[in-house]
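Morning, everyone. Have a look at the structure, then we'll start.

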Amino acid sequence: MPSVSPQFLRSRIGKVCVAIIGATPAEMLEKATAVVKETPFLEFRLDYLEKPLLALPKLKHFISENTAATAIATCRRAANGGKFSGNLAAEMEILSKAATSGFHIVDLELESAESLKKGELQKLRDTGVALIISHHDFAATKDLDGIYKRIEPLQPDFIKIVPTAKTLTDNLTLMRFIERMNEHSNIVGVCMGDAGIISRVLGLRAGSAFTFAAATAGEETAPGQIAARTLIETYRIDQVDAATKVYGVAGNPIRSSLSPIMMNTAFRRETVNAVYLALQATKLSDLLKLVHEIPIQGLSVTMPLKQEIMAHLEKTDPLSAKIGACNTVLRAQDGKLYGFNTDVAGITGPLEKRMSLRGAKALVLGAGGAARAAVFGLRDKGADVFILNRTAETGQKLAKQSGSKTIKKDALAKTLFDVIINATPIGMAGIKGAPLLEAKDLNTKLVFDLVYNPLETPLLRLARQQNIPIITGIEMFVQQGARQFEIWTGKPAPEEEMLRVVIHSLRQQAESATEAPAPATKTKKAS
């Protein structure tokens, strides 16, 4: 049987290959059926099945029924990050039979290919299937050229190199490697890990033949893998080109940030050719190198970088300078970085819709970056501000800098406030800590919690129980994001659409959290 022409394959495969997993053939086919109409390029992870050979007749039927689909068979051994516990001979038998069952491509890891006896690889090719030879490094991004030199003599149809991004700039290493190989249109490259999202979205632009995605969130076959629908709808991966401007949210941790879905929705709504990424930044120097080299046109800066980044900006707005913290960075046409603080507008805007801030009495909980924005923003509007912070010295320092006062917890019950603002992370999903206030302390006309995830925080619940009006952190989150969008694009932000998508995401998270089973033990996974 003649080999499948790589040119023919490339004309029919999409840019996104969806990894299909399942404990049984029926489960696998159910997932494949749900995905194939939207994304007809599928990788069947046969190593997830207890008896892969027994599944092949059913998979053969599925492939013959779905003629537009292109199917990859993968049976990765445990030693190389897969789940297959059999030996090399058993793996080769499964892949050979998959080839004669209608699969268009088989994926064989480099270590297996190098261990084959002479002629065995050719025997697999003789079935007419196209061949991917892949290499996964779960520890780092190292000698990519060295890996390429090991794979190239095996003459596969596709060379797949998947390192792990330990830093943001590891993505640059991978993408520069793909760009250098631009005469080879058969290289597939992505970085695994939380920091690797850049390569998953921008890798195609660098020249990767395609990329991998999970069928749905929670079914990832590799660390950092993104669900197909998110990759296509949120990141609009098929529209990312050389002219696409890159923005991002930088901080640590960043995994649960809703900024990417909010900002990418705004870009799509306003037809801005831009993409917004989550940038897991453990070191500011790593982030700044990425900003200059990609280049990144704008940043949302979050914990813990808001104060540290100030020293690296050409200039900031007066409010950022006064606060000593910046949450928005714009890369100007001269390539220099300029800083703004939209947290302030995110806090004062929602309040001014409900009250006059001049002469208002406000209690701010906390003394970190968000608290500084609240305190200086309120003082700027003429409010009388009191600060309560667990570490008294930090609260006193902020009070002195801003012309505010500190207050002790035992004085709250006998002090009436116009608004109490929580600017601490207490109540945030995944953050443990005793509440700062009790019911008797809520001696106020309004409660504003800057925490936006979950939808209802313990503080907001407490306020509701006492019939005190509330402002949720979502309002602040969307307001500050809308101002960032306007700074970057010069266009009015689609605030209603931004608000809608954030609330929808939070509701989905809340629903999946109530339905989620107990977490399974972790195993190494690849793609």
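This is a predicted model: local features need pLDDT of at least 70, side-chain atom pairs count only at pLDDT 80 or more; totals for chains, interfaces and linings use all residues.

Which residues sit closest to its centre? Out of 44 lining residues, they are Pro-253, Thr-302, Met-303, Met-428 and Tyr-452.

Which helices and strands supply at least two residues each to this lining? Strand S11 (296-301), H15, helix H18 (473-489) and helix H19 (495-515) do. H18 gives the largest share, four residues. By type, the lining of this pocket splits into 24 nonpolar, 17 polar and three charged residues.

On to the sheet. A general point: strands of a sheet pair through backbone hydrogen bonds, parallel or antiparallel. Here we have an open sheet of six strands, and the pairing is parallel. The order reads S17-S16-S15-S18-S19-S20. Strand S17 (405-406) and strand S20 (470-471) are the edges, each pairing on one side only.

Let's zoom in on one pair. Strand S18 (residues 419-422) runs parallel to strand S19 (residues 447-449), with three bridges between them. In one of these, Ile-420 partners Val-447 of S19.

Helices pack here too. Helix H17 (residues 458-465) touches S18, S19 and S20, at about 160° to S19. Helix H15 (residues 369-380) lies across strand S15 (361-365), strand S16 (384-388) and S18. Its angle to S15 is about 165°. H15 also brings us back to the pocket, where it supplies at least two lining residues.

Note on methods
Residues are numbered from 1 along each chain as its sequence is written. Side-chain values use heavy atoms; hydrogens and water are left out. Two strands pair if DSSP finds at least two bridges between them. Contact means heavy atoms within 4.5 Å. Axes are lines fitted to C-alpha atoms, for helices over the stretch in contact, and angles run from 0 to 180 degrees between N-to-C directions. On a 1 Å grid over the protein atoms alone, a cavity is a set of points where a 1.4 Å probe fits but cannot get out, and a pocket is an open set with protein on both sides within 12 Å along at least five of seven lines; lining residues have an atom within 4 Å of a point. Ala, Val, Leu, Ile, Met, Phe, Trp, Tyr, Cys and Pro count as nonpolar, Asp, Glu, Lys and Arg as charged, and the others, Gly among them, as polar.
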